Amino acid sequence: MVEIRVTFEDGASERFPTGTTARDALVAHARNGGGDRKRVERAIAARVEAERATVVDLSRPLVADCRVVPVAPESPEGLDVIRHSTAHLMAQAVKRLFPETEITIGPVIENGFYYDFKRAGGFAAEDLPRIEDTMRAIVKEDLPVTREEVPRDEAVRRFREMGEHYKVEIIASLPEDTVSLYRQGEFVDLCRGPHVPSTGRIPAFRLTSIAGAYWRGDAKNEQLQRIYGTAWANAKDLEAYLKRLEEAKLRDHRRLGQVLDLFSLDPIAPGSPFFHPKGAIVYNTLVAFIRGLYARYGYTEVITPLIYKTELYKRSGHYDAFHHDMFLMSIEEDEYGVKPMNCPGHCHLFASRKHSYRDLPIRYADFSRLHRFEPSGTLAGLTRVRSMAQDDAHIYCTPEQVDTELENFVAMTREVYSAFGFDDIAVTLQTRPEKFLGRIELWEAAEAALGRALERAGFAVTVLHGEGAFYGPKIGFDFRDVLERSWTLATVQIDCAMPERFALRYVTPEGTEATPVMIHRAVLGSLERFIAILLEHTGGKLPLWLSPVQVRVLPVSEKAADYAARVAAACRAGHLRAEADLRNEKLGYKVREAEVEKVPVVVVVGEREAAAGTVAPRTAGAAQAALPLETFVAQTVDAARMPGGAL
Ligand SMILES: [Zn+2]
Ligand SMILES: [Zn+2]
């Protein structure tokens with residue numbers, strides 16, 4: 001009998017007859033005193049490591065020497081298996097309830113799965129609980145999930161008999177001669193697997209929504225119905241996820257953008273937001289905040305063209321790497337492109353003047369609008385747009401100045417993050433990718449400089465090998481928001497290509513010419529994306545200095561209306577954004593509306609306050625003692641001061 005050698009997690013190995021299943025090997029080893037018996041019992045699949053590591057069914061026969069590891073339900077691999085198995089479970093339930101439905105595909109997605117069905121009349125929200133009930137019944141039946149390999153033609157014949165025309169089309173287009181089918185009870189699906197051993201091993205799930213979809217994702221094809229679901233290793237994780245989902249819906253910046261009247265998107269300009277008056281205040285105030293820091297950190301602002309002849313991007317290297325993502329046009333026999341980033345224009349500007357080492361560092365800052373083509377299907381609110389602006393700047397300096405420049409950048413980033421209370425930060429260093437521009441020596445020096453800067457700043461750093469931009473290595477500052485999502489905000493890159501491609505020069509103290517170092521950096525990143533993240537992180541409760549309406553004054557009655565208007569005017573005289581709500585509505589209604597709109601300071605004034613010339617502000621819903629009007633204005637002006645000390 002042919003034997004194979006199987007190694008286990010504890011490092012021990014045993015011999016087994018070829019064809020022993022992964023489960024039998026794990027169980028035997030546990031019985032012989034090796035491995036954790038509980039872990040083996042809880043396993044829902046196995047990871048088999050030979051030349052490659054693959055997750056397989058516990059019932060998969062082992063045919064070569066390998067290492068076998070039990071896959072726990074709550075591990076990332078285990079969750080994938082559970083989610084895919086739940087997709088099959090849902091399809092089985094749908095077929096039991098609505099036998100005329102045809103099944104198509106059902107992949108795993110982040111946190112869950114979906115399955116696309118073809119059913120005349122589609123599904124309604126009321127169908128979901130019924131489908132879930134049937135799914136639970138099938139879990140109770142604890143049907144074994146079995147794998148079978150059949151010739152492709154045989155599989156085609158079987159699915160044709162079942163009336164599953166979409167499956168027939170998929171199988172017929174596969175290159176393999178043999179395909180694998182998974183069966184649980186009466187339900188059979190084409191699938192590579194792996195799956196849980198039986199339906200009883202699917203722990204916790206919920207169907208979340210219904211959407212339209214197209215066969216093979218193509219809008220020219222037939223419309224299908226997609227049902228989304230989520231599945232987890234236990235009920236507690238499921239509940240926690242559903243809570244996060246609910247919270248995320250409430251905090252969705254697209255919803256808040258509407259409620260707070262900040263911005264909108266329109267098919268007339270896909271992915272290009274319209275900022276409404278209040279949104280424009282948030283946007284411009286962020287720019288003013290960064291401008292205030294620029295004054296202190298020695299940046300100078302430039303204003304550069306939006307549209308260039310494409311020879312600029314050919315020179316910078318962006319045309320080759322990026323032209324599919326650019327808006328190009330042809331005018332007077334020349335090809336032009338709307339700029340997707342500021343760097344090439346800044347290099348061109350730098351090259352247009354002679355520079356001495358005494359001029360360096362030169363720090364060009366630019367809030368220019370940028371345009372990048374993103375396919376319509378990928379656009380999402382303010383986080384994935386075609387039109388954006390960044391707090392972008394490029395620093396040109398001598399090699400000796402690089403360390404100080406990076407140090408200043410880290411200091412500025414820290415100052416900005418602390419102004420927003422962003423304290424959960426992770427830092428990555430992204431190194432030379434396979435496809436890169438520029439000389440290796442420059443890359444090595446640049447990576448070393450970035451590494452030194454992070455070390456001096458005392459950050460724990462994750463190195464992402466090969467993930468730098470094509471023109472230079474990069475540091476990313478990832479902020480984790482209240483929903484535990486990670487966003488890269490600030491970035492800094494040392495450019496190993498553009499200074500040479502643009503033949504940038506400065507005169508050294510010795511009178512010779514040298515190439516300056518170029519640093520790309522942004523702190524907020526794209527303003528659009530930053531606003532989206534800030535809205536979701538704060539749930540729309542922006543800090544006072546950034547709030548579009550900082551103070552709203554509500555009169556108790558008609559009789560206090562004049563005084564309310566006077567209070568608002570006094571606030572505006574102190575440069576506060578203040579308004580009096582003099583509409584003929586009930587006070588309670590106005591208070592609630594101010595809460596929904598997240599107005600940070602709400603002041604209710606009546607005849608008593610009018611007579612005394614006082615104000616009793618309510619901060620965060622709680623009323624405070626009455627103050628003289630001037631004191632109230634002075635205190636609020638103080639509290640609303642922009643961080644960073646801008647004038
Ligand atoms: Zn499957
Ligand atoms: Zn740049």
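The crossing of helix 17 and helix 20 is right-handed, meaning that the near helix is turned clockwise from the far one by less than a right angle. This is a predicted model, in which local features need pLDDT of at least 70, side-chain atom pairs count only at pLDDT 80 or more, and totals for chains, interfaces and linings use all residues. Residues are numbered from 1 along each chain as its sequence is written, while chains are lettered from A and ligands numbered from 1 in the order in which they are written.

Select residues 561-573 for helix 17 and residues 629-639 for helix 20, whose axes lie 10 Å apart at an angle of about 40°; helices (H or I, at least four residues) and strands (E, at least two) are DSSP runs, numbered from the N terminus. In contact here (C-beta atoms, placed from the backbone, within 7 Å) are V567, A570 and C571 of helix 17 with L629, V633 and T636 of helix 20.

Next, select the open sheet of 3 strands, which has the order 17-19-18 with antiparallel pairing, where two strands pair if DSSP finds at least two bridges between them. Strand 18 and strand 19 (residues 334-338) are joined by 4 bridges, and M329 has Y336 of strand 19 as its bridge partner.

Finally, select E374, in the loop between strand 21 (369-371) and strand 22 (387-397). Leaving aside residues up to four places away in sequence, E374 touches G271, L379, R384 and R386, whereas the C-alpha atoms of E374 and H276 are separated by 23 Å.

Key
Two residues are in contact if their C-beta atoms, placed from the backbone, lie within 7 Å. Axes are lines fitted to C-alpha atoms, for helices over the stretch in contact, and angles run from 0 to 180 degrees between N-to-C directions.
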